[in-house]
Structure formats: structure tokens, C-alpha cells
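Here is a short tour for anyone who likes to look at a fold with numbers at hand. Please open the structure and follow along.

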Amino acid sequence: SAVSASQYPIGDRPDIAFAGRSNVGKSSLINRMLNRKKLAKTSSDPGKTRTINFYNVNDLLYFVDLPGYGYAKVSESERRKWGGMIEGYLNGRTSLADVVLLVDIRHQPTQDDRLMYSWIKSRNLNATVIGTKCDKISKSQYAKHASAVKSVLGMNGSDRLILFSAESGFGADELWSLFDGMLETAGTKGSSLF
């Protein structure tokens, strides 16, 4: 866990950072992907993640759980502190390979989601959006909700939207395949997460 650059892990492993509003499911996604129930702390209350948390994945890369933006039951000064911490990480971390934006597939993306998506695009990073909590809607509604997310964010044909459920693991294989590709792009030779 870190609150400043001096506390970040040292080394050349790439980071895949997970960004999204408070309570969107970043920690739950990490737990599901790493097959650990309580590795990343989760809560029904927004704002549980208050530091930048690095998870070493097979000595190949770090999953980075960023504090959520938007509503959280904390003071305005605390939210500003988190904002500065996130901005410092995103702008200063040289091993940042990708920022994956998580949105709740049940709802249209917020203004904060649109700003984060624009930032990802401006940095020429892969624009990958994960629609969390897809188990909360019927499969017949997937296309409709996915289309709404793509439209609000202004996603183009090369941007990826992956539906994901931390409950069932739906979408996990597609994500592992994506992350494997990111390792190749980051130049981690002869490595695979599978």
C-alpha cells in the first residue's frame, strides 16, 4: 500500500491500474481474478480503498487498485487528498502499462467516468472498459447496456468493453487474455499469466 511515489514498488514490472468510481467493484475484480476472497478489502460502503494498493501477480506485473472517485463517505479534504494521490500515480509512474476503467454496467457512466476515459485516451493507453456487476442484469439486456456505456463514453470500434461478474467469474478468461497481451506489449519476454 502506498500514498506517495516513495512507497511504490521498485522494479521494471508493468502496472495495470484499475480506476473507477467508489464501490464499482475494483477490489472485487482483483479478488476474483487472483482467486482470493479477501486479498483486496471490499465493503458495501463506498470509499473503502484509501491507498494505492499493489498486488504482485506471479512476479510478472502488478495489479494496482486505485481509490475510487466520486461519492464516498469521507470529508471533502480527504477526497482531494485521494485525487492528488491518484493523479500523482497516473502521471508519474513510468511502469504504468495500462489503466482499465471500471463502470457499473447497470448505469450510464458518470461525468467522472467520462473524464477518466478521456484521460486514458489522451495518454494513448489501451482504452479498455470493464462493465462490472453484469450478473445483476439479464443476459438479454447485455447488448443494450453495453451500447449505452459505449455511447456515453464515446468509445470507438478499437476500444474494448468487457462485461464482468465478480460473483460468477463471467469475463475473467477474456480479461486474462487481455492482460497476457498487455504483458507482450510491455515487453515482458517469454511470460504468460496462464
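## A word on burial, then helix α1

A residue is called buried when its relative accessible area is under 20%. Please keep in mind that this model is predicted. By that cut-off, the buried residues of α1 are Lys26, Ser27, Leu29, Ile30, Asn31 and Met33. Because 6 of the 8 residues of this helix, which covers residues 26–33, are buried, α1 is largely enclosed by the rest of the structure. Just past the end of α1, Asn35 has a positive phi of about 55°.

What does the side chain of Ser27 make a polar contact with? The partner is the side chain of Asp65, at 2.7 Å.

## The chain as a whole

Stepping back, the chain has 5 helices and 6 strands. Their order along the sequence is β-α-β-β-α-β-α-β-α-β-α. The chain has 194 residues, and 50% of them count as buried.

As for contacts between residues at least 6 apart in sequence, 69% join residues at least 24 apart.

The largest nonpolar core has 35 residues. Leu66, Tyr89, Leu90, Val99, Leu101 and Val129 are the ones with the most contacts inside this core. Two or more residues of the core come from each of these elements: β1 (15–20), β3 (61–65), α2, β4, α3 (111–122), α4 (142–153) and β6 (160–163). There is also a second, separate core of 23 residues, and its members include Ile16, Leu29, Leu61 and Phe164.

Leu90, listed above among the residues with the most contacts inside the largest core, is a handy one to select in your viewer. Which residues does Leu90 contact once neighbours within four places in sequence are left aside? They are Leu66, Leu96, Val99, Met116, Trp119 and Arg123.

The buried residues of α3 are Asp113, Met116, Tyr117, Trp119 and Ile120. Viewed down the axis of α3, these buried residues fall within an arc of 160°, so they line one face of the helix. Leu115 and Ser122 are exposed on the other side of α3. After α3 comes Asn124, which has a positive phi near 60°.

## Ser95 in its loop

The last stop is Ser95, in the loop that runs between α2 (76–92) and β4 (96–104). Is Ser95 buried or exposed? At 13% relative accessibility, Ser95 counts as buried.

Beyond neighbours within four places in sequence, Ser95 is in contact with Arg13, Pro14 and Asp15. For Asp15, the separation along the chain is 80 residues, while the C-alpha atoms of Ser95 and Asp15 are 5.8 Å apart. The side chain of Ser95 also makes a polar contact, at 3.0 Å, with the side chain of Arg93.

Key. Residues are numbered from 1 along each chain as its sequence is written. This is a predicted model: local features need pLDDT of at least 70, side-chain atom pairs count only at pLDDT 80 or more; totals for chains, interfaces and linings use all residues. Side-chain values use heavy atoms; hydrogens and water are left out. Buried means under 20% relative accessible area, exposed over 50%, partly exposed in between (1.4 Å probe, protein chains only). Helices (H or I, at least four residues) and strands (E, at least two) are DSSP runs, numbered from the N terminus. A polar contact is a pair of N or O atoms within 3.5 Å; within protein, one must be able to donate a hydrogen and the other to accept it, and residues adjacent in sequence count only if both atoms are side-chain atoms. Contact means heavy atoms within 4.5 Å. A nonpolar core is a set of buried Ala, Val, Leu, Ile, Met, Phe, Trp, Tyr and Cys residues joined through side-chain atoms within 4.5 Å. The arc is that of the directions from the helix axis to the C-beta atoms.
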